[in-house]
Amino acid sequence: QEAAKYDKKVMVLDFVTPTPLGNSWGLGGTCVNVGCIPKKLMHQAALLGQALQDSCKFGWQFTEEVKHNWMTMTESVQNYIGSLNWGYRVALREKKVTYENAYGEFVGPHTVKATNKRGVEKLYTAERFLIATGERPRYLGIPGDKEYCISSDDLFSLPYCPGKTLVVGASYVALECAGFLVGLGLDVTVMVRSILLRGFDQDMANKIGEYMEEHGIKFIREFVPIKVEQIEEGTPGRLKVIAKSTNGNQIIEGEYNTVLIAIGRDSCTRNIGLDKVGVKINEKTGKIPVNDEEQTNVPYIYAVGDILQDKLELTPVAIQAGRLLVQRLYAGATTKCDYVNVPTTVFTPLEYGACGYSEEAAVEKFGEENIEVYHSHFWPLEWTVPSRDNNKCYAKIICNIQDNERVIGFHVLGPNAGEVTQGFAAAIKCGMTKEQLDSTIGIHPVCAEV
Amino acid sequence: GKNEYDLLVIGGGSGGLACAKEAAQFGRKVAVLDYVEPSPQGTKWGLGGTCVNVGCIPKKLMHQAALLGSALKDAQHYGWNIAQPVHHTWSVMAQAVQNYVKSLNWGHRVQLQDKKVKYFNMKGTFSDPHTIRALTKAGKETIITAENIVIATGGRPKYPTHVAGALEYGITSDDLFWLKESPGKTLTPFVFNVSLECAGFLTGIGLDTTVMMRSIPLRGFDQQMASLVTEHMESYGTKFLKRCFPTKVEKLESNRLQVTWKNTDLGTEETDSFDTVMWAVGRAPDTGTLNLEKVGVKTNSETGKIIVDASEATSVPHIYAIGDITEGRPELTPTAIAAGKLLSQRLFGQSSELMDYDNVPTTVFTPLEYGCVGLSEEAAVQCYGSDNIEVYHAYYKPLEFTVAERDATQCYMKMVCLRESEQRILGLHFIGPNAGEVIQGFALGIKCHATYPQLMKTIGIHPTCAEEITKLHITKRSGLDATVTGC
């Protein structure tokens with residue numbers, strides 16, 4: 001859309017290869033269809049369930065037993081997504097960007113072959129190319145995984161309630177999904193191979209895990225599934241999962257209605273003809289290395305988003321990188337995308353917002369004696385009346401003593417963590433120090449003032 | 001002779017307690033006097049001041065109760081099967097809130113004890129610059145002397161005494177939070193944030209609520225934002241009587257109240273009956289019984305507030321004042337707390353740091369919340385001239401409103417910046433859910449002299465409302481449509 005502003009002739013190829021279970025979706029990519037958007041809406045549904053419980057203490061009366069209807073929620077969510085798909089198509093048309101619902105692959109220099117759903121092929125040439133194909137969920141590679149298990153690609157449009165669910169994985173996708181499923185009243189178990197939220201501050205990750213456990217999610221730690229069998233067909237059916245311990249020979253079995261695999265995502269770079277034009281990819285991970293201007297080793301081919309090596313897999317990062325790239329190419333701008341201090345939020349039942357270094361990373365980079373960690377538990381005012389946990393919410397900032405106690409890491413665990421963290425990220429961008437933090441007056445009474 | 005205490009604090013509210021506790025940390029001998037004169041309706045409360053007992057705390061909790069009412073409506077769209085309509089019981093909420101407040105009163109007493117601060121539940125009057133005559137409710141007298149005295153007695157709601165029946169039949173926020181029974185059909189005349197916030201949550205819990213305003217809402221706040229806030233309240237169900245002012249209140253046989261008012265637009269006189277009339281005319285500083293004239297502490301002739309310098313010192317050496325009682329300061333809990341702490345650090349801890357009252361963020365907890373920090377657009381224009389400022393703005397829709405089919409017409413944000421090359425941010429205004437949480441971090445950024453380019457370099461967190469701030473790019477000057485579209 002940005003390129004079209006500069007009167008360039010632009011084309012977008014978008015194609016969704018159906019999931020093993022046959023699921024597909026419209027224009028907009030992961031975020032809109034099977035990521036951030038449906039995830040946050042279902043998280044909201046779960047939060048509303050909690051709000052229902054709180055509301056009794058605040059004087060609201062209704063029959064105690066309130067049940068959740070999966071279909072009502074999913075239909076509303078899918079309708080909204082449909083409106084976004086439509087919105088994108090209209091926006092592209094208005095900006096005179098040509099859109100083709102076809103699978104693109106390089107066939108030669110400056111040339112791409114586009115194959116649509118019916119197998120019709122067309123060839124297109126362009127001066128420049130941008131690869132932004134993103135990723136898809138990885139499967140376990142065990143018997144029964146593709147036949148019987150679902151992934152996040154299927155969950156948000158599942159036409160039946162998933163029932164008793166086993167979530168395999170400890171990524172934020174796994175924990176967020178487990179979180180809202182339990183919030184909607186389902187029986188949820190999470191099977192974890194080793195640690196939670198690899199790459200995130202582990203102190204915070206453990207607190208998230210603890211909170212989830214106390215709120216009804218069962219964890220099976222240090223096990224991996226080795227086989228999934230179908231006991232009974234149905235919507236949902238019944239599945240048997242056999243798992244093996246990661247340290248020892250212990251085997252366990254369990255029965256579930258649904259098994260959701262969330263162990264990671266793989267880049268869609270292997271089958272798009274990159275070898276034909278000489279674009280180098282990391283053979284192991286499938287990711288594309290780029291320079292700080294998002295350029296691959298082939299000068300006229302660029303890449304943004306989840307497929308980039310060593311960059312964050314986040315929607316706003318992809319958007320920012322894409323826009324700035326185009327402004328550099330066509331508007332004479334020089335600003336590069338700033339990948340430092342990118343804030344993020346994990347929308348688990350107790351939300352976690354973070355910006356900057358984790359405690360471990362800070363210690364590694366600066367040395368333990370050169371950093372100071374300030375921390376505090378807090379009790380959101382709204383949790384007092386309904387007597388919700390009074391020592392779970394937590395905030396910590398990590399400061400670099402040698403650099404004027406500059407804040408290099410910000411972590412908060414509590415309601416609306418995303419809203420809280422955003423402003424602090426802006427402040428960190430401005431080089432905020434502990435002293436400036438201390439001299440800023442808090443808004444009362446909100447969580448962020450802590 | 002030698003003074004009994006190093007520090008005597010008169011007033012056990014946000015500012016007073018913070019000051020006292022901080023001084024105690026330095027090993028000083030500290031005492032706090034706290035006394036609550038019952039309201040005309042007879043309401044009184046424990047240690048903690050306005051914020052804890054009749055301000056921020058109960059207000060936010062009742063606001064939360066109202067928000068939960070909206071959440072119950074939303075929940076249906078998200079698949080929860082609740083039979084509508086759902087009813088609210090005032091007494092359940094009030095009791096829960098009051099119990100929590102009482103636990104805070106208790107908590108404060110325990111804290112004072114732990115920190116070895118002496119607490120007197122007595123009313124104080126100055127005898128001389130280092131001596132206070134303290135009286136219990138029963139009239140028993142104690143003389144207290146102190147090297148330093150801090151006045152932090154705060155304020156109490158004013159009554160429009162020129163309106164017949166106002167004092168006898170009306171209540172104020174002092175009483176609202178302690179009502180055992182529902183206020184029923186309520187009228188809140190005049191408009192300060194307190195009355196809008198109260199009207200907001202009363203509407204939210206299902207009560208018939210009317211706000212009466214003579215002129216503009218939220219005086220002192222950015223007026224564009226203020227009208228969006230009241231617009232939302234109108235669509236939310238609160239009734240507004242604009243450009244009207246009350247002339248008398250009478251009690252009917254049914255025990256209801258009949259209010260007569262003048263409509264300045266039509267030049268007519270109108271009446272209606274209500275169960276409760278809650279005045280929100282503003283607050284008056286609580287200096288009446290202090291006997292300030294005796295020791296020469298100067299007050300502002302118009303407002304009655306105590307005049308202080310940048311170090312919170314009054315016109316009399318060793319006598320200081322902090323919080324709502326001081327002239328020219330924001331009437332906010334966090335500023336009182338900060339001022340109190342810094343004062344003690346300067347008096348007893350060798351610090352010289354003064355309180356910075358610039359860029360204090362605040363939030364109005366109306367049904368659609370409004371958070372802001374820095375200058376309003378009007379103030380910026382007045383200060384720098386409209387040619388020298390740039391206003392970036394956007395109308396947005398919180399994701400959670402989509403499925404819930406909620407109206408987001410008033411969800412709006414704007415950033416007022418200097419137009420010159422650096423584009424420093426002068427003010428940030430946000431209307432939407434969790435406005436306080438959104439604004440807090442940005443207030444920090446503004447403290448760090450954040451500029452528009454720095455904010456644009458900050459990546460957004462997705463999906464949140466706050467991220468829209470990092471994406472602001474349409475200026476008012478351009479005249480372009482400022483509605484956010486797409487992901």
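Two residues are said to be in contact, or to touch, when heavy atoms lie within 4.5 Å. That idea runs through much of what follows. The structure is a predicted model, in which local features need pLDDT of at least 70 and side-chain atom pairs count only at pLDDT 80 or more, while totals for chains, interfaces and linings use all residues. Residues are numbered from 1 along each chain as its sequence is written, chains are lettered from A and ligands numbered from 1 in the order in which they are written, and side-chain values use heavy atoms, with hydrogens and water left out.

Chain A comes first. Its fold holds 14 helices and 23 strands, where helices (H or I, at least four residues) and strands (E, at least two) are DSSP runs numbered from the N terminus. Along the principal axes, the C-alpha trace of chain A spans about 65 × 65 × 50 Å. Of the 450 residues of chain A, 53% are buried; buried means under 20% relative accessible area, exposed over 50%, and partly exposed in between (1.4 Å probe, protein chains only). Take the contacts in chain A between residues at least 6 apart in sequence: 60% of these join residues at least 24 apart.

Chain B has 14 helices and 22 strands. Its radius of gyration is 24 Å, close to the 23 Å that the globule rule gives for 487 residues, so chain B is as compact as a globular protein of that length. The box filled by the C-alpha atoms of chain B, taken along the principal axes, is roughly 75 × 65 × 50 Å. Some 58% of the 487 residues of chain B count as buried. For contacts in chain B between residues at least 6 apart in sequence, the share joining residues at least 24 apart is 63%. An unreviewed UniProt entry places the feature "domain: Pyridine nucleotide-disulphide oxidoreductase dimerisation" at residues 360-471 of chain B. UniProt positions are given in the numbering used here, feature names are shortened, and annotations may be inferred rather than shown by experiment. Over residues 360-471, chain B is 29% helix and 26% strand, with the end C-alpha atoms 23 Å apart.

Back in chain A, the UniProt annotation "binding site" (unreviewed entry) covers A:Lys40, A:Gly104 and A:Asp306. These span 267 residues in sequence, and the farthest two C-alpha atoms are 30.3 Å apart, so they do not all gather at one spot. A:Gly104 sits in strand S4 (residues 102-108) and is partly exposed, with a relative accessible area of 22%. Not counting residues up to four places away in sequence, A:Gly104 touches A:Leu13, A:Val112, A:Lys113, A:Ala114 and A:Ile272. A:Asp306, by contrast, belongs to the loop between strand S18 (301-303) and helix H10 (315-330), and is buried at a relative accessible area of 18%. Its contacts, again leaving out residues up to four places away in sequence, are A:Gly134, A:Glu135, A:Ser267, A:Lys287, A:Glu313 and A:Leu314.

Another "binding site" annotation from UniProt (unreviewed entry) takes in A:Gly169, A:Ala170, A:Ser171, A:Tyr172, A:Val173, A:Ala174, A:Leu175, A:Glu176 and A:Gly264. They span 96 residues in sequence, yet no two of their C-alpha atoms are more than 13.5 Å apart, so they gather at one spot. A:Gly169 lies in the loop between strand S10 (165-168) and H7, and counts as buried at 7% relative accessibility. Beyond residues up to four places away in sequence, A:Gly169 touches several residues, including A:Ala174, A:Val190 and A:Ala262. A:Tyr172 lies in helix H7 and is partly exposed at 32% relative accessibility. Among the residues that A:Tyr172 touches, not counting those up to four places away in sequence, are A:Lys39, A:Phe200 and A:Glu313. A:Val173 also lies in helix H7 (residues 172-183) and, at 22% relative accessibility, counts as partly exposed. Leaving aside neighbours within four places in sequence, A:Val173 is in contact with A:Ser152 and A:Ala262.

Key:
The radius of gyration is taken over C-alpha atoms; the globule rule is 2.2 Å times the number of residues to the power 0.38.
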